[in-house]
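Welcome! Take a look at it first, and then read on.

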Amino acid sequence: MGLLSLEHGKAAYQADFVVYGAVVAGLAAALAWSGPRGSGLADLGWIAAGLWLWTLLEYLLHRFVLHGPQPFRRWHGEHHARPSALIGLPTLLSTALFALLVYTPAWLLGGGWRASALMLGVLLGYMAYATMHHAVHHWPARTAWMLERKRWHARHHHARHDPQCFGVTFGFWDRVFGSGPRPLR
Ligand SMILES: [Zn+2]
Ligand SMILES: [Zn+2]
């Protein structure tokens, strides 16, 4: 299993959380120490915008990329076929994609500190998603909300002929775009 394989050993799978945890801590420290003076509220606003942006990215990427063209459909099909296997995008690839598709355009449009705050929010969202996706497949549900998220994602996995329920952390965008729960065929 190399740095770019989809199926990970436990260490590589956990490394994703460690790497992103470190990047999030680094971005937060950079904003706190070298962001413009008095920009705390604006920072929080951009972080919140990043979190919100992630929820939309999570939905769009899952619906139109992972369930879209090859080779993404095949890669994601591996997870659908074996939901308990430790399968995920390699950390090296996901960091490159975040840098290229989120940080660079945000930096060009809004400058370094806004891009860093937005990126921080997006990565917090990504970590919440990665944790939630692991939890729905591997952990028992201890709250009604968690049970609902587990059921939602189980519908996604079982509705092969009528794809639905693409959001993992929450179902808002599925309701907006009409892909919420439908009776299973
Ligand atoms: Zn899927
Ligand atoms: Zn899944």
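This is a predicted model: local features need pLDDT of at least 70, side-chain atom pairs count only at pLDDT 80 or more; totals for chains, interfaces and linings use all residues.

How does the length of α2 compare with what its residues should span? The helix has 27 residues, which at 1.5 Å a residue should span 39 Å. The C-alpha atoms at its ends are 36 Å apart, so the two values agree.

## Where α2 meets α5

Let us now follow one of the covering elements, α5. The axes of α2 and α5 come within 7 Å and cross at roughly 45 degrees. That angle makes α2 oblique to α5, and the crossing is right-handed.

Which residues take part? On the α2 side they are Asp43, Trp46, Ile47, Ala48, Ala49, Gly50, Leu51, Leu53, Trp54, Thr55 and Glu58. They meet a set in α5 made up of Arg114, Ala117, Leu118, Met119, Leu120, Gly121, Val122, Leu124, Gly125, Tyr126 and Tyr129. By type, the residues of this contact divide into 15 nonpolar, four polar and three charged.

## A closer look at Glu58

Is Glu58 buried or exposed? It has 23 C-beta neighbours inside 10 Å, and because 20 or more are needed to count as buried, Glu58 is buried.

Which residues does Glu58 touch, leaving aside its neighbours within four places in sequence? They are Tyr129, Gly167, Val168 and Thr169. Tyr129 is also among the α5 residues in the contact with α2. Gly125 is another α5 residue in that contact; its C-alpha atom is separated from that of Glu58 by 8.8 Å, although the two residues are 67 residues apart along the chain.

## Across to Leu124

With 19 other C-beta atoms within 10 Å, Leu124 is partly exposed, because a residue needs 20 or more to count as buried.

Leaving aside neighbours within four places in sequence, Leu124 is in contact with Val24 and Leu51. Leu51 is one of the α2 residues that meet α5.

Conventions. Residues are numbered from 1 along each chain as its sequence is written. Chains are lettered from A and ligands numbered from 1 in the order in which they are written. A residue is buried if 20 or more other C-beta atoms lie within 10 Å of its own, exposed if 12 or fewer, and partly exposed in between; C-beta atoms are placed from the backbone. Two residues are in contact if their C-beta atoms, placed from the backbone, lie within 7 Å. Helices (H or I, at least four residues) and strands (E, at least two) are DSSP runs, numbered from the N terminus. The expected span of a helix is 1.5 Å times one less than its number of residues. Axes are lines fitted to C-alpha atoms, for helices over the stretch in contact, and angles run from 0 to 180 degrees between N-to-C directions. Angles under 35 degrees count as roughly parallel, over 145 as roughly antiparallel, 65 to 115 as roughly perpendicular and the rest as oblique. A crossing is left-handed if the near helix is turned anticlockwise from the far one by less than a right angle, and right-handed if clockwise. Ala, Val, Leu, Ile, Met, Phe, Trp, Tyr, Cys and Pro count as nonpolar, Asp, Glu, Lys and Arg as charged, and the others, Gly among them, as polar.
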